[in-house]
Structures are given as structure tokens and as C-alpha cells.
Amino acid sequence: RAVLEDRGSLRGAMREWWLHVGLICVPLLAVYLHVPPPRLSPALHGWHSAGGSFAFRGSSVFYRESFGAVGSSDVVILLHGFPTSSYDWNKIWEPLNQRFNRVVALDFLGFGFSDKPHRYSIFEQASVVEALVAHLGLSDHRVNILSHDYGDTVALELLYRSDQKRSGHLTINSLCLSNGGIFPETHYPRLLQKVLKDSSFLSPLLTRLINFPLFSRGSVSEPPLATRPEVGWVGGAWRLCGVKTGRGTDCAD
């Protein structure tokens, strides 16, 4: 009988302990989930101000273009990585302007300054690129594509459509793939990327719980010529993930 009473007391103490833990953790979690993302830096504000947007199937897609080399008719389209944006290319934007007549970059749907959240379909992102090319009046041009990471997969889909002469396809002059999963059998995405892509239950929770240290270590693949320290480029990528998420941050902040 004494043993049973001791067990009952122990269970009661454990229930009381968990109740106290819950009373402490629930408010802390609620506060954490409502902390707004960091404000945009002046450089990101400048990048956004220099760009524009167009509508794709009811969603707003951000893009940036500039005209560079005189006497050249070459056009280059830049496709960014995961989970970043067209800002991947800011370090080499001016050098590209010296080589190409027209430099174009976009934020895929669900990234950067484009509408989010969004379902992440490589086929739809390829259609977004085709729609942007049509929007800019470049459908009859031979374009060069420079892609990175996630953008490599989109670029390969665009190459397939071009080879198959699909309606609305791009006429590709050259294609440069950088640091991406080109061959499925040798591509090993990060654990966080797998969870975000394949888990319908965990993805929404993780996107709210993830913080900057986890983001910088587990999800970002550096673009060409990215510079350290991480707080610079990766910090910009982290800030852009908070745009158009409904958490109190917008481009005007």
C-alpha cells in the first residue's frame, strides 16, 4: 500500500512539473512565433527599388533587369539558388553588364521579393521564367542562362523544353550551371531541405521555428563569388525570407 501511495505521489509530482513547464514554454513559444523578421538593409532596399514585377497566374513575381554593353545583343538570364533570391548575383551584376547588352534576374515564386508562401514546383518555376521572357519581349532572342543550385534544376527543365520545341520555350544560346544537383544519383540535398520539401506536416512548423543560426548552417548554398563573413550575404538571404510572409515585414519597412 505504501508503495502504491509513493507511486501516486510521484505521478502527481510529474504532472505538476509538466504543467509548470507548459505554463512557461507556451507563452515563450507564442512570443517567439510573433517576433517579426529582421528589417531589410539599405542594399536590399536598393535592389528592390531598381526592380519591377509582373503577374503570373495571379501571383506577383519580382525581377530586375539592366542594359549594359553597347554593341552587343547578348542577353543573360540569372537563376538563383535555394532558399535565396536574385540578390545572389549582386556582386557580379556590374561585370555582367560590361559583357552583356541585357542582364535579367528574377525571384522564383516563394523566394525573395516574389509572392510567398508558395508550392515549390520546378515545372512551374520554369514556366515563370518563360513568362518573364515573354513579358520582356525577349521571346525571339537567343538567351544565355547562368544558374546556381536550385536554379540549375530549373535551367535543365528549360533546356528540355527548348530541345523538345515546347510552346513558349526559350531559345537557348548557352547554358552555365553552377554548384547544383545536376545528376540525381550524385545529388544529396541537406536534411533540412528534404524535410521542407517532403513533409507537409513539419514544413509549416519549421518555417516558423527556424532561426538565423539554423538557416545559415543548414539551408543555404553559396552563389558564385559569395563573400564572407556569413552575416553579410547570408544575413541578406535571411532578411529576404521574411518578406511577404505575413509576419509584419514588407519591402517598405
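Predicted model: local features only at pLDDT ≥ 70, side-chain atom pairs only at ≥ 80, totals over all residues.

Select Arg119 to begin. At 55% relative accessibility, Arg119 counts as exposed (exposed means over 50% relative accessible area, buried under 20%, and partly exposed in between, with a 1.4 Å probe and protein chains only). Arg119 sits in the loop between E4 and H4. Those labels are DSSP runs numbered from the N terminus: helices are H or I runs of at least four residues, and strands are E runs of at least two.

Residues are numbered from 1 along each chain as its sequence is written, and side-chain values use heavy atoms, with hydrogens and water left out.

**Stay in the loop**

Which other residues can you pick here? Is Ser114 buried or exposed? With 0% relative accessibility, Ser114 counts as buried. Show its side chain and you'll find that it reaches the backbone nitrogen of Phe62 at 2.9 Å.

Next, click Gly112, again in the loop between E4 and H4. Gly112 has a relative accessible area of 3%, so it is buried. Pro83 is 29 residues away along the chain, and the C-alpha atoms of Gly112 and Pro83 are separated by 8.4 Å.

**Two helices that cross**

Colour helix H4 (residues 122–135) and helix H5 (residues 150–163). Two packed helices are described by the angle between their axes and the distance between the axes. Here the angle is about 70° and the axes are 9 Å apart. The axes are lines fitted to C-alpha atoms, for helices over the stretch in contact, and angles run from 0 to 180 degrees between N-to-C directions. H4 and H5 are therefore roughly perpendicular to each other (65 to 115 degrees; under 35 is roughly parallel, over 145 roughly antiparallel, and the rest oblique).

To see who makes the contact (heavy atoms within 4.5 Å), select Ile122, Phe123, Gln125, Ala126, Ser127, Val129 and Glu130 on H4, plus Tyr150, Thr153, Val154, Glu157, Leu158 and Arg161 on H5. They divide into seven nonpolar, three polar and three charged residues. In this scheme Ala, Val, Leu, Ile, Met, Phe, Trp, Tyr, Cys and Pro are nonpolar, Asp, Glu, Lys and Arg are charged, and the others, Gly among them, are polar.

Zoom in on Glu157 in helix H5. At 12% relative accessibility, Glu157 counts as buried. Leaving aside neighbours within four places in sequence, Glu157 is in contact with Ile122, Phe123 and Ala126. The side chains of Glu157 and Arg161 are joined by a polar contact of 2.7 Å. A polar contact is a pair of N or O atoms within 3.5 Å; within protein, one must be able to donate a hydrogen and the other to accept it, and residues adjacent in sequence count only if both atoms are side-chain atoms.

**Into the core**

Now pick Leu79, Leu106, Val129 and Leu170. Of the 28 residues in the largest nonpolar core, these touch the most other members. (A nonpolar core is a set of buried Ala, Val, Leu, Ile, Met, Phe, Trp, Tyr and Cys residues joined through side-chain atoms within 4.5 Å.) Which element gives the most to this core? H4 does, with five residues. Among the contacts of Leu79, leaving aside neighbours within four places in sequence, are Leu106, Val129 and Leu158.

Most residues other than glycine have a negative phi, and most peptide bonds are trans. Select Asp149, in the loop between E5 and H5: its phi is positive, about 55°, although it is not a glycine. Asp149 is buried, with a relative accessible area of 13%. Then hop to Lys165, in the loop between H5 and strand E6 (171–178). Lys165 also has a positive phi of about 55°, but with a relative accessible area of 61% Lys165 is exposed.

**Zoom out**

Finally, show the whole chain: it has nine helices and six strands, and buried residues make up 40% of its 253 residues.
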